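This tour goes from one selection to the next in the viewer. Load the model, colour it by chain position, and follow the stops in order.

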Amino acid sequence: MKQIVFWGASGQAKVLNEFIATNGYELVALFDNNKGVVSPFESIPIYHGVEGFASWLDQNGNKEYFCIAAIGGSRGLDRKNIQDMFVQHGGIPAKVIHPSAYVSSDAIIGNGSQVLINAGVGAKTQVGEACIINTGAVVDHECILYAGVHVAPGATLAGCIEVGRYSLIGAGAVILPNLHIGENVTVGAGSVVTKDVPANCTVMGVPARVIDK
């Protein structure tokens with residue numbers, strides 16, 4: 001088993017740890033900025049903040065370790081920044097795929113990205129670094145997801161869709177084919193997107209409309 005560490009010790013960490021062994025990894029440490037958070041796993045130690053991370057690095061010596069940012073929601077930029085910090089300190093970003101997920105043989109999954117339970121990634125789709133394709137989500141053929149995108153549970157990208165950095169596609173949302181979603185966008189849960197969405201805004205509704213910039 002390859003040693004892996006998570007930054008984040010809440011829900012996403014619990015989801016990942018449930019299947020991480022099927023990908024050949026053994027969780028050995030957790031990190032979290034919230035000093036009030038305790039480890040959800042009895043045998044796995046938790047370290048808090050950059051000081052805790054530095055302490056763990058000293059204990060680990062020069063051993064090889066893999067890493068992932070176990071942080072969901074709209075915090076795509078945080079995931080990417082944490083991943084970059086790991087890499088600067090010798091970490092190797094893991095790509096983790098639940099055994100029930102379908103990933104096309106010609107799809108590309110970026111470093112640090114997570115494809116979860118019953119998710120689907122279609123032909124010739126490109127998933128950037130530190131992305132999450134969450135439970136039951138579908139990213140169909142020829143989509144491009146840039147770094148830090150989160151496709152929430154049950155959302156559907158219908159094909160040939162481009163999603164900019166750090167955007168969140170909310171639970172159960174549907175994006176119709178051949179559209180462009182800008183960076184730093186939030187698509188509200190259950191929305192149906194029928195036209196391109198500009199950067200730095202929130203859209204919601206059926207059809208989806210801009211409600212906040």
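Begin with the largest nonpolar core, which has 31 residues. A nonpolar core here is a set of buried Ala, Val, Leu, Ile, Met, Phe, Trp, Tyr and Cys residues joined through side-chain atoms within 4.5 Å. Buried means under 20% relative accessible area, exposed over 50%, and partly exposed in between, with a 1.4 Å probe and protein chains only. Select Ile133, Leu145, Val151, Leu157, Ile169, Ile175 and Val193, the residues with the most contacts inside this core.

The model is predicted: local features need pLDDT of at least 70, side-chain atom pairs count only at pLDDT 80 or more, and totals for chains, interfaces and linings use all residues. Residues are numbered from 1 along each chain as its sequence is written, and side-chain values use heavy atoms, with hydrogens and water left out.

Keep Val193 and show its surroundings. Which residues does Val193 touch, not counting those up to four places away in sequence? They are Val174, Ile175, Leu176, Leu179, Ile181, Val187, Val203 and Ala208, where contact means heavy atoms within 4.5 Å.

Next, select helix 1, residues 11-19, which holds Lys14. Helices (H or I, at least four residues) and strands (E, at least two) are DSSP runs, numbered from the N terminus. Leaving aside neighbours within four places in sequence, Lys14 is in contact with Pro40 and Phe41. Draw a C-alpha to C-alpha distance from Lys14 to Ala70: the two are 56 residues apart in sequence and 8.8 Å apart in space.

Lys195 sits in the loop between strand 22 (192-193) and strand 23, and is exposed, at 55% relative accessible area.

Now look at backbone geometry. Most residues other than glycine have a negative phi, and most peptide bonds are trans. Select Tyr166, in the loop between strand 17 (162-163) and strand 18 (168-169); its phi is positive, near 65°. Is Tyr166 buried or exposed? Tyr166 is buried, with a relative accessible area of 14%.

Move to Asn178, in the loop between strand 19 (174-175) and strand 20 (180-181). Asn178 also has a positive phi, of about 65°, although it is not a glycine. At 58% relative accessibility, Asn178 counts as exposed.

The peptide bond from Val206 to Pro207 is cis, with omega near -5°.

Finally, zoom out to the whole protein. There are three helices and 24 strands. Along the principal axes, the C-alpha atoms fill a box of roughly 50 × 35 × 30 Å. The radius of gyration is 17 Å, which agrees with the value near 17 Å for a compact globule of 213 residues; it is taken over C-alpha atoms, and the globule rule is 2.2 Å times the number of residues to the power 0.38. Of the 213 residues, 49% are buried. Among contacts between residues at least 6 apart in sequence, 26% join residues at least 24 apart.
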